[in-house]
Amino acid sequence: MKNIIEIKDLSIPELKMYSCTNEKQLFRWNEPDYGIFIAESPKVIRRALDTGYTPLSILTERKYITGQAADIIEKCDNIPVYTADSSVLTKITGFNLTQGVLCAMKRRELPSVSEICSEALRIAVLEDIMNQTNIGAVFRSAAALGIDAIILTKGCSDPLYRRSIRVSMGTVFQIPWTFTEKSDSDYILKLKDMGFSTAAMALTDDSVGIDNNELMSQKRLAIVLGTEGEGLRQSTIDSSDYTVKIPMSHGVDSLNVAAASAVAFWQLGNH
């Protein structure tokens with residue numbers, strides 16, 4: 001049964017989550033339970049629902065109730081659906097809605113590194129990547145190009161921040177991911193203990209090309225990508241089995257981490 005609520009008071013507490021610009025506040029929204037996140041656009045919301053995330057409420061332009069959001073509202077079974085014209089919703093959110101629909105959803109407990117790696121043959125490791133756009137782009141490439149799971153260090157931005165979700169086109173809900181238990185490079189040793197060869201994407205004197213036959217033949221491989229400015233920590237490079245470079249031309253020394261991930265996943269992914 002639909003629970004459509006026409007917005008008449010912009011200050012009601014139920015709408016505060018949609019105007020919140022501090023993602024860390026959303027992370028703690030339901031304490032002591034897990035926090036919440038905001039998914040944008042019908043396509044992204046459908047992907048979250050299809051992978052089992054629990055919706056709390058919907059904020060949508062009125063015209064989408066019988067349009068692009070009709071199937072979502074039907075599937076969400078009586079949760080509050082707050083609605084108004086676009087001009088009103090912009091005052092609440094501070095920006096134009098992406099395809100007119102937002103959905104607040106519950107976070108879930110993250111799996112352990114061992115759980116998401118148990119059957120994986122190709123994983124990506126993101127080290128201290130803070131840019132939310134890059135996080136989302138890496139997830140989208142990973143899902144498309146044969147990566148079975150993603151591990152993020154504690155220094156990374158959260159994949160369930162709004163911008164990352166949007167840029168990923170909802171693939172953050174489709175590919176298994178979690179954070180490392182430790183913020184230092186000990187995670188490399190743990191991956192080796194689980195049977196992974198580790199490939200640090202870095203420019204060093206002994207870097208091998210991304211098409212290196214020995215590298216490509218590894219049964220289980222972890223592709224490690226570093227932060228946008230500094231790259232990987234030296235301790236990570238030193239601990240890895242391989243350092244790997246993407247051949248460049250015209251004097252360019254490196255690619256943005258999102259672009260580099262797409263090249264690496266295409267060459268080394270589990271196709």
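Student: Why is Met-169 called partly exposed, and not buried or exposed?

Tutor: In this predicted model, Met-169 has a relative accessible area of 25%; buried would require under 20% and exposed over 50%, so Met-169 falls in between and is called partly exposed.

Student: Where does Met-169 lie, and what is its phi?

Tutor: Met-169 is placed in the loop between helix H8 (162-168) and S8, and its phi is positive, at about 60°, although the residue is not a glycine.

Student: What makes His-250 count as exposed?

Tutor: The relative accessible area of His-250 is 81%, and since the cut-off for exposed is over 50%, His-250 is exposed. This residue, too, has a positive phi without being a glycine, with a value near 55°, and His-250 sits in the loop between strand S12 (242-245) and helix H12 (257-268).

Student: Why is Thr-178 called buried?

Tutor: Thr-178 has 2% relative accessibility, and buried means under 20%, so Thr-178 counts as buried. The residue belongs to strand S8 (residues 177-179), and, leaving aside residues up to four places away in sequence, Thr-178 touches Leu-110, Pro-111, Ser-112, Val-113, Ile-116, Ile-150, Ile-151 and Leu-152.

Student: What makes the protein chain as compact as a globular protein of its length?

Tutor: The chain, which has twelve helices and twelve strands, has a radius of gyration of 21 Å, close to the 18 Å that the globule rule gives for 271 residues, so the chain is as compact as a globular protein of that length. Its C-alpha atoms fill a box of roughly 65 × 40 × 30 Å along the principal axes, and 49% of the 271 residues count as buried. Among contacts with a separation of 6 or more, 80% come from residues 24 or more positions apart.

Definitions and conventions
Residues are numbered from 1 along each chain as its sequence is written. This is a predicted model: local features need pLDDT of at least 70, side-chain atom pairs count only at pLDDT 80 or more; totals for chains, interfaces and linings use all residues. Side-chain values use heavy atoms; hydrogens and water are left out. Helices (H or I, at least four residues) and strands (E, at least two) are DSSP runs, numbered from the N terminus. The radius of gyration is taken over C-alpha atoms; the globule rule is 2.2 Å times the number of residues to the power 0.38. Buried means under 20% relative accessible area, exposed over 50%, partly exposed in between (1.4 Å probe, protein chains only). Contact means heavy atoms within 4.5 Å.
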